[in-house]
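Please keep the sequence and the model in view while reading.

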Amino acid sequence: MIRLSVNALLNFHPKAILAAIVLVMTLLGGAAWGALSLVDYVSTLDRAERGSRQAAAFLEGHADAVLDGGAAALARVADRLEAGGLASLPDSALGEALSASRFGVLSILDAEGRTVFGPTIHPDGGIASVLQEAGGQGGGGGLELLHGQVDGLDSILMVRGIPGRGGVLEGAVLLALPSSSLHTVLDVFSDGRHSVAGLFRLDGTRLAGSGGSGIGQLPALDPGAERGESDWSLGGQGVVIGLKRMRDFPAVAAVALPRAVVLEPWSSRLQHGFMMVGVSVIALFGLAALGWASLRREAAARDALRDANARLEQRVEERTADLRSLNQKLVRALAEKERANQAKARFLSAANHDLRQPFQALRLFHHLLMERLKEPRERSIAEKMGEALDSGEKLLHALLEVATLDAGVVRPNIAEVSIATVLCGAASEFRGLAADKQLDLRVRTCDAMVRTDATLLIRMLGDLLRNAIAYTPAGGVVVGCRRRGQWLRIEVWDTGPGIAAEHLDAIFEDFVQLGNPERDRRRGLGLGLPKVRRKAALLGHAVEVRSRPGQGSVFSIMVPLAASESRTDAAAPVPADRAEDPAARLILIVEDDPVQSSGMQLLLESWGHDVMVAADGPAALAALRAAPRCPDLILSDFRLPGPLTGAETITRAAEQVGRPIPGIILTGDTGPERIREAVAAGCRLLHKPVTPDVLRDALNALGAERVPVRQSQSSAA
């Protein structure tokens, strides 16, 4: 064996060795790239197959919920007729048939295929196919599914045979469920081109959804079983399909994705890979050429490489320095933006708080002034001052409601509610406002029961009605509802000027008012629709708007129907009469603003209460220790000088006397963290400015809450 050094070998056959190196590297790179592409191909099909199976399982669950109620109603009708035959239809079976009609269109056929009850249903394949399916059940109470039309609408037909004496088929019962009840889910998985979804019989015939007349022969599946195929043919086109057989019905839910669509990303990656391989081969041959040239110009190439490396390092350093400078600028810009946002939030919070303080004092002194003025001219001036206060308070209260919703302290009370009660309750408040503008306000109710928070839903409808009446110069406003599958669509129609399509999204933003550039406060604040959007997000309801300029607008809220609807309207709550003022009580006022404190003291003393005053938390606790008896109630501002807030002062006072003391927190702060802290303290929360009537109602409510406790203690004694 002849041993040659590497240098000798290169000198002996340099061209052959370079060619061998290029060939080996090309083959290795091509083999590695081919293996990765194959793995990517298999992985892409596998992910599509799993996704189609999951989609089919979801579709099967939704279809089972839709078909279950209809199947139970159909079974009751068929059992009645099976016991007495078609002759019993005018008797008890007629009631069952009428009751079952609420789930869909019910029809009863005799053995000749004639309709003896209900409308005419047109199944695919004709009436003969229905009788054939009914006869094949053998009288065992089986259920078959067919596809057909009712009044021109695609429907799923549930068929149950009526056996007579001796097992002879006497007729059949059909219940047609509209295919549209499945569209809320079918439309998610099917777009007619990239995906196909539907419900099919076990022989592949379509019942609902896309897929033409069928999807071909389906494999045998046990009830509840699922299966995926990555090489399925549908209409001559290869598809990836997911199948899920329903447990209680002879049907299969299927979701299919065209293989071309599934493999489109893989094909794109494959093309890019070809380009990269070509570039790599070209680069490899270029390197080989450079290597061949380097054998003859080794020294020159080494110097050139050294110079190139030096230039490259310099360029990298320059680019790195530029990137570092840009990153520093970006960090400074982000920090400046965050500081600006925090400063804005602090400014708005402080402005809200500081504006409410003088509003609260003005409201208290205005109330006292109105009680003392007797001259009509003087009372007129005072009333105009009250109107100005009302205008400012409306803006502050709107800002407070928005801040409360954003803070996350509102907890909806979800329950089954009569929609008639909600619609009537919302419309009753605005009949006078509509009458003032000579508008016709109509309410179209129904007997549906929905799951929602009645109070929040009434407020949402109130904001929509207020908006509709404000922007409707003539005509009227209609409030109604429509069933949409498992949802109830509540709609507010108006005959106003309408909204252009490019403004439909902007109207739900804060302080946006179309057609009011001068910001006339008599035409609203621009916060009604943003509050509707926030409350809808809190309840999980959808808010939509449709409008045509010059023809009016329709605002709608999608509310889920209750699981079991009651035909009896829920009794509307009867507002209780305002409780009478309780007996004179000892009230401790904790307020650091002397103007606020004196105004509140004068107001409470005018109502016959005894008043103690403290400027901060420690002073309030000291006054509590020196008092001859424990106060009946503590009325405190939230922000106090010193170490204690108003909520902490009330908590410490309760610990000092050894029992809870009712408390009312007055605050002008709309910050979310402040609102959560006050609510967590268990006190009643009132936001400044507070009218005397609101304060009186809060005092009366606390007095009413104490009565049952005293009565129970007396009974126990």
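The sections below treat the basis of the report, then helix packing, salt bridges, the surface, and pairs of residues.

## Basis of the report

This is a predicted model, in which local features need pLDDT of at least 70 and side-chain atom pairs count only at pLDDT 80 or more, while totals for chains, interfaces and linings use all residues. Residues are numbered from 1 along each chain as its sequence is written, and side-chain values use heavy atoms, with hydrogens and water left out.

Helices (H or I, at least four residues) and strands (E, at least two) are DSSP runs numbered from the N terminus. A residue is called buried under 20% relative accessible area, exposed over 50%, and partly exposed in between (1.4 Å probe, protein chains only).

## Helix packing

Two packed helices are described by the angle between their axes and the distance between the axes. Axes are lines fitted to C-alpha atoms, for helices over the stretch in contact, and the angles run from 0 to 180 degrees between N-to-C directions. Angles under 35 degrees count as roughly parallel, over 145 as roughly antiparallel, 65 to 115 as roughly perpendicular, and the rest as oblique.

Helix α10 (residues 419–428) and helix α12 (residues 454–470) have axes that come within 9 Å and cross at roughly 45 degrees. α10 is therefore oblique to α12. Their crossing is right-handed; a crossing has this hand if the near helix is turned clockwise from the far one by less than a right angle, and is left-handed if the turn is anticlockwise.

Helix α12 also meets helix α13 (residues 528–539): the two axes come within 9 Å and cross at roughly 155 degrees. α12 is therefore roughly antiparallel to α13. In this case the crossing is left-handed.

## Salt bridges

Side chains of opposite charge can pair when their charged atoms come close. A salt bridge here is a side-chain nitrogen of Lys or Arg within 4 Å of a carboxyl oxygen of Asp or Glu. The whole structure contains 18 salt bridges.

One of them joins R269 to D40, with the closest N and O atoms 2.6 Å apart. This pair links distant parts of the chain, since R269 belongs to helix α7 (residues 264–296) and D40 to helix α2 (residues 14–84), 229 residues apart. R269 is partly exposed, at 38% relative accessibility. E226 lies in strand β9 (residues 226–234), and the partners are 173 residues apart. R53 is partly exposed, with a relative accessible area of 23%, and E226 is partly exposed as well, at 42%.

Another salt bridge pairs R114 with D110, where the closest N and O atoms are 3.1 Å apart. D110 is buried, with a relative accessible area of 10%. Elsewhere, salt bridges link R482, R489, E491, E544 and R546 in a network.

## Surface and loop

F365, V595 and L602 make a nonpolar surface patch of about 240 Å². Patches are made of residues with over 30% relative accessible area and no salt bridge, like charges being joined within 9 Å and nonpolar side chains (Val, Leu, Ile, Met, Phe, Trp, Tyr) within 5 Å.

Q438 is situated in the loop between α11 (431–436) and β13 (440–443). Its phi is near 60 degrees, a positive value in a residue other than glycine. Q438 is exposed, at 72% relative accessibility.

## Pairs of residues along the chain

T667, in strand β22 (residues 663–667), is buried, with a relative accessible area of 3%. T667 and H687 are 20 residues apart in sequence, and their C-alpha atoms are 5.0 Å apart in space.

D610 belongs to strand β20 (residues 610–614) and is partly exposed, with a relative accessible area of 43%. Its C-alpha atom is separated by 9.3 Å from that of P631, 21 residues apart along the chain. In helix α7, L290 is exposed, with a relative accessible area of 58%. The C-alpha atoms of L290 and A301 are separated by 8.8 Å, and the two residues are 11 residues apart along the chain.

Methods
Accessible areas come from the Shrake-Rupley method with a 1.4 Å probe; for residues, only the protein chains shown count as cover.
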